[in-house]
Amino acid sequence: MSTVGLSPVLTEFWDHPQSWTMDTYLDHGGYEGLKKALTMDPAAIVQEVKDSGLRGRGGAGFPTGMKWGFLPPDDGGPRYLVVNADESEPGTCKDIPLMMATPQFLIEGVIITSFAIGCRHAFIYVRGEVVHVYRRLLKAVEEAYDRGFLGDNILGSGYSLDVTVHAGAGAYICGEETALLDSLEGRRGQPRLKPPFPAVAGLYARPTVVNNVESVASVPQIIARGASWFTSLGTEKSAGHGLFSLSGHVERPGQYEAPLGITLRELLDMAGGIRGGRQLKFWTPGGSSTPIFTADHLDTPLDYESVGAAGSMLGTRALQIFDDTTSVVRAVTRWTEFYAHESCGKCTPCREGTYWLKQVLRRIEAGQGTQGDIEKLLDLCDNILGRAFCALGDGATSCITSAIQYFRDEFEAGMHTPAWELFPPERSALF
Ligand code: NAI
């Protein structure tokens with residue numbers, strides 16, 4: 001963990017030997033945001049988060065306060081907060097360390113958010129494979145109940161909240177918010193048709209806010225320090241700070257907390273550069289579901305607008321770095337195998353399309369591509385993009401179309417030469 005041009009916020013005491021305990025959190029100013037929030041009108045909390053410009057940190061970047069504001073007026077029935085802790089996007093590894101290092105940031109954020117939207121029962125949906133995170137969250141919730149931050153009459157305010165931590169069963173699709181809700185309700189996790197959005201009909205068909213872990217964990221400090229503190233960080237339209245996950249061919253991979261708008265060049269300076277002093281070949285700005293970038297994008301500010309204008313998406317800020325020993329065809333084939341495996345099968349473009357993308361890519365990787373295969377890939381992508389039931393299908397096409405855009409010659413070489421001959425495995429740490 002490291003920070004760039006910013007006093008650490010979410011990662012301030014990650015290096016503390018007992019960073020995850022309630023005592024450590026309280027020693028570092030924990031729960032001051034909640035104490036302040038409980039004196040505020042819930043509508044004023046929603047307004048403060050709107051004013052902060054916080055945008056969803058799960059990848060889509062939807063304004064968090066606006067999402068809260070979409071809930072219909074209170075009809076006396078239940079309304080829910082569901083935290084999406086099903087982090088599974090390839091390269092994305094920020095929420096899991098956050099929950100392991102400082103789970104109380106999330107719990108405090110859950111309580112403030114629930115108070116703001118009038119929720120009495122919140123859920124945290126964790127991906128099934130990370131049993132250690134599940135256990136840590138259970139312990140953190142227990143500590144919060146013991147100290148009077150959860151349960152009946154929180155800190156004497158008259159407000160009561162229960163939190164349930166739920167472990168999924170290990171399916172990428174359950175990170176899609178409506179598939180997550182189906183899974184939480186006990187059904188097979190598959191996306192629902194939107195609209196209605198969860199804000200109107202979510203968990204048990206009741207108004208529901210689904211927010212990412214980092215989004216919710218950012219709320220306590222926004223309330224404690226004020227919206228103007230948050231807007232003083234980042235850029236005008238991409239406010240605040242966030243976790244940037246550097247992985248792959250970098251000297252010091254890990255989490256780097258920085259204001260939005262930082263560049264990869266600046267982050268690489270912090271991370272010791274490309275491993276062994278080699279050259280950067282390509283990278284993902286926001287996980288494998290976002291179009292890849294090349295060395296030409298080293299100075300692109302990593303904010304929603306600049307990354308979008310350069311042809312990609314900020315996504316989850318999962319910066320997977322690949323040096324010049326890497327075959328782009330192999331990398332793209334591996335990602336596509338992932339999407340084909342994780343496609344839930346509900347809609348035809350994604351189910352059939354990802355299967356055929358995988359087939360064509362495998363033969364190009366093996367040097368057995370046939371004339372027209374590149375056009376076939378692009379045609380398949382065209383038939384998936386915008387036609388699939390959820391974002392999984394769109395995401396699966398991003399790495400392929402962008403890789404062909406920047407490295408078409410490598411795909412053409414796949415008509416006669418296997419990727420492993422062009423890029424021998426012994427020279428590449430990835431394969
Ligand atoms: P989206 O843009 O469809 O929705 C974003 C959020 O805004 C949702 O919560 C949605 O309910 C809400 N929303 C949008 N319009 C609304 C309206 N009119 N009324 C009420 N609510 C509205 O994006 P989606 O499908 O939720 O997420 C896609 C992103 O997820 C991708 O861009 C990718 O970066 C990211 N992703 C993250 C993963 C991870 O592990 N963190 C895994 C896979 C994808």
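The domain assignment, whose bounds come from an automatic or database source, divides the protein as follows.

| Domain | Residues |
|---|---|
| domain 1 | 2–231 |
| domain 2 | 241–323 |
| domain 3 | 328–427 |

The model is predicted, so that local features need pLDDT of at least 70 and side-chain atom pairs count only at pLDDT 80 or more, whereas totals for chains, interfaces and linings use all residues. Residues are numbered from 1 along each chain as its sequence is written.

Domain 1 and domain 2 both contribute residues to the shell around the ligand, which therefore lies between them. Among the 24 residues around the ligand, the nearest are Gly-59, Ala-60, Phe-62, Glu-89 and Phe-197, a residue being near if its C-beta atom, placed from the backbone, lies within 6 Å of the molecule. By class, the shell has nine nonpolar, 11 polar and four charged residues (Ala, Val, Leu, Ile, Met, Phe, Trp, Tyr, Cys and Pro count as nonpolar, Asp, Glu, Lys and Arg as charged, and the others, Gly among them, as polar).

The C-alpha centres of domain 2 and domain 3 are 22 Å apart. Eight residues of domain 2 are in contact with 10 residues of domain 3, where contact requires C-beta atoms, placed from the backbone, within 7 Å. The side of domain 2 that touches domain 3 comprises four nonpolar, four polar and no charged residues.

Methods: Contact = placed C-beta atoms within 7 Å.
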